[in-house]
Amino acid sequence: MDKKHSDENWLMEHFKYVDSITIVDKNGKIVAQHRYNPRFSKEINQKENKWSLNKNILEMIPSLDPEESTLLRVLKTGRVVYQDEQVMWDHEGRKLKCTNINFPILSRGTIIGAVELSRDTTHIESEPVKSDKIGIDFT
C-alpha cells in the first residue's frame, strides 16, 4: 500500500469526528483553539477556548514535556505527526486521552506554526458517550 492510501486509512480509522482544533505559532503559543468535547459542558469548552489563547501549549497541558508534545514535535521537524494515543493531564488536572494528527504550517518553506486535529478518546475507556440531540447511549 502506498503512503497516500495508508495516510487515508489512518485518518478514516481514527477520525470519524474531531472535537478539537488547535493552532500554534512557531513558538508553541496558541493562536486559535476551538474545542467541542462532548465530555465537557458547552460553558467549559468555551471557557477553555478563551483561556487558552496566547498561552504556550505546555501551559495548557503541563503534564507534557517538549519532547512529548506532538505540536512542538511538528514545529521542530516540519513533518506530519500521527499519535494514536496520547495521555496527558490539562492545567486543571483533567485526564485526556487523545488521538491526534498534527500538520506544520509553512510559509515560503519556513515553519510558522502548526495545526492539531484531536479526538478525545478518554470516554471510550471510561464512560459512554451520550448524544444530547437524540438521547442515544453509544456504548
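Me: Two strands pair if DSSP finds at least two bridges between them, and helices (H or I, at least four residues) and strands (E, at least two) are DSSP runs numbered from the N terminus; which residue in β2 stands opposite Ser 20?

Reply: This is a predicted model, in which local features need pLDDT of at least 70, side-chain atom pairs count only at pLDDT 80 or more, and totals for chains, interfaces and linings use all residues. Residues are numbered from 1 along each chain as its sequence is written, and side-chain values use heavy atoms, with hydrogens and water left out. Five bridges join β1 to β2 in an antiparallel arrangement, and the residue in β2 that stands opposite Ser 20 is Arg 35.

Me: What is the order of the five strands in the open sheet?

Reply: Strands of a sheet pair through backbone hydrogen bonds, either parallel or antiparallel. Here the pairing is antiparallel, and the open sheet of five strands has the order β2-β1-β5-β4-β3.

Me: Which strands stand at the edges, each with a single partner strand?

Reply: An edge strand has a single partner, so one side of it is left without a neighbour in the sheet. The strands in that position are β2 (30–35) and β3 (81–89).

Me: What angle does the direction of helix α4 make with that of β5?

Reply: Helix α4 (residues 70–77) packs on the sheet, where contact means heavy atoms within 4.5 Å. The helix touches β1 (20–25), β3, β4 and β5 (110–120), and its direction makes with that of β5 an angle of about 150°.

Me: Which residues of α4 are buried?

Reply: Buried means under 20% relative accessible area, exposed over 50%, and partly exposed in between (1.4 Å probe, protein chains only). The cover over the buried residues of α4 includes β1, α3, β3, β4 and β5. The buried residues in α4 are Thr 70, Leu 71, Leu 72, Val 74 and Leu 75.

Me: How much space lies in the largest cavity?

Reply: On a 1 Å grid over the protein atoms alone, a cavity is a set of points where a 1.4 Å probe fits but cannot get out, and lining residues have an atom within 4 Å of a point. Grid points are joined across faces, edges and corners, and a volume is the space filled by probe spheres set on the points. By this rule there is one cavity of 30 Å³ or more, and the space in the largest cavity is about 280 Å³.

Me: Of the 22 residues that line the largest cavity, which are the closest to its centre?

Reply: The elements that give two or more residues to this lining are β1, β2, α3 (57–60), α4, β3, β4 and β5. By class the lining has eight nonpolar, nine polar and five charged residues, where Ala, Val, Leu, Ile, Met, Phe, Trp, Tyr, Cys and Pro count as nonpolar, Asp, Glu, Lys and Arg as charged, and the others, Gly among them, as polar. The closest to the centre of the largest cavity are Ser 20, Gln 33, Ile 61, Leu 96 and Glu 116.

Me: Which residue of β4 is the bridge partner of Met 88?

Reply: Seven bridges join β3 to β4 (residues 95–107), and these two strands run antiparallel. In β4, the bridge partner of Met 88 is Leu 96.

Me: What distance separates the C-alpha atoms of Asn 56 and Gly 28?

Reply: Asn 56 lies in the loop between α2 (42–52) and α3, and with a relative accessible area of 25% it is partly exposed. Gly 28 is in the turn of the hairpin formed by β1 and β2, with a positive phi of about 90°. Leaving aside residues up to four places away in sequence, Asn 56 touches Asn 27, Gly 28 and Lys 29. Although Asn 56 and Gly 28 are 28 residues apart along the chain, their C-alpha atoms are separated by 5.4 Å.

Me: Near what value is the phi of Arg 108?

Reply: Arg 108 sits in the loop between β4 and β5, and at 86% relative accessibility it counts as exposed. Most residues other than glycine have a negative phi, and most peptide bonds are trans. The phi of Arg 108 is positive, near 55°.

Technical notes: Pairing = 2+ DSSP bridges. Axes fitted to C-alpha atoms, helices over the stretch in contact; angles between N-to-C directions. 1 Å grid on protein atoms, 1.4 Å probe; cavity = no way out; pocket = protein on both sides within 12 Å on 5 of 7 lines; lining within 4 Å.
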